[in-house]
Amino acid sequence: MAETVADTRRLITKPQNLNDAYGPPSNFLEIDVVVPPLPGKAFLRQLPFRGDDGIFDDNFIEERKQGLEQFINKVAGHPLAQNERCLHMFLQDEIIDKSYTPSKIRHA
């Protein structure tokens with residue numbers, strides 16, 4: 001009778017670490033949301049010894065207002081952010097609900 005030799009191969013070929021053991025599975029879909037940068041606050045304009053109006057200059061206020069509007073439009077236009085209740089509250093409600101819990105907007 002011929003002897004049979006068991007061929008044992010390791011199922012895991014790479015060394016395990018904590019990220020592999022406790023991290024998301026390898027087939028996990030990761031979605032990166034890129035948040036655009038806010039326009040600068042112009043710290044140098046806030047210095048008291050400047051000869052101009054600093055942060056109260058009409059041109060600076062208009063530029064900052066346009067930058068903030070572009071930021072809000074980019075965030076509000078993102079498909080993942082459009083259904084977030086907190087974004088709708090921030091943009092539309094005059095009084096912030098202190099008992100807010102994170103949720104999605106339900107369309108009727």
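**Overall picture**

Mentor: Buried residues make up 7% of the 108 residues in this chain. Keep in mind that this is a predicted model.

Trainee: How many helices and strands are in the chain?

Mentor: The chain has 3 helices and 0 strands. Starting at the N terminus, the order of elements is α-α-α.

Trainee: What about contacts between residues 24 or more positions apart?

Mentor: Among contacts in the chain with a separation of 6 or more, residues 24 or more positions apart account for 28%.

Trainee: Next, helix packing. At what angle do H2 and H3 pack?

Mentor: The angle is about 150°, and the axes of H2 and H3 are 11 Å apart. The crossing of H2 and H3 is left-handed. On the H2 side, the contact is made by Ile72, Val75 and Ala76, and on the H3 side by Leu87, Phe90 and Leu91.

Trainee: Why give both an angle and a distance?

Mentor: Because two packed helices are described by the angle between their axes and the distance between the axes.

Trainee: Changing topic: how many salt bridges does a search of the whole structure find?

Mentor: The search finds 1. The side chains of Glu62 and Lys65 form that salt bridge, at 3.9 Å from N to O.

Trainee: Where do Glu62 and Lys65 lie?

Mentor: Both are in helix H2, residues 58–76. Glu62 and Lys65 are 3 residues apart, about one turn of the helix.

Trainee: Which residues make the nonpolar surface patch?

Mentor: Leu44, Leu47 and Phe49 make the patch, which is about 360 Å². Leu47 is in the loop between helix H1 (18–22) and H2. Its relative accessibility is 34%, so Leu47 counts as partly exposed.

Trainee: Last one. Where does Ile105 lie?

Mentor: Ile105 is in the segment after helix H3 (85–92). With a relative accessible area of 25%, Ile105 is partly exposed.

Trainee: And which residues does Ile105 touch?

Mentor: Leaving out residues up to four places away in sequence, Ile105 touches Asn83, Glu84, Arg85 and His88. Ile105 and Glu84 are 21 residues apart along the chain, and their C-alpha atoms are separated by 5.9 Å.

Terms used
Residues are numbered from 1 along each chain as its sequence is written. This is a predicted model: local features need pLDDT of at least 70, side-chain atom pairs count only at pLDDT 80 or more; totals for chains, interfaces and linings use all residues. Side-chain values use heavy atoms; hydrogens and water are left out. A salt bridge is a side-chain nitrogen of Lys or Arg within 4 Å of a carboxyl oxygen of Asp or Glu. Helices (H or I, at least four residues) and strands (E, at least two) are DSSP runs, numbered from the N terminus. Patches are made of residues with over 30% relative accessible area and no salt bridge: like charges are joined within 9 Å, nonpolar side chains (Val, Leu, Ile, Met, Phe, Trp, Tyr) within 5 Å. Accessible areas come from the Shrake-Rupley method with a 1.4 Å probe; for residues, only the protein chains shown count as cover. Buried means under 20% relative accessible area, exposed over 50%, partly exposed in between (1.4 Å probe, protein chains only). Contact means heavy atoms within 4.5 Å. Axes are lines fitted to C-alpha atoms, for helices over the stretch in contact, and angles run from 0 to 180 degrees between N-to-C directions. A crossing is left-handed if the near helix is turned anticlockwise from the far one by less than a right angle, and right-handed if clockwise.
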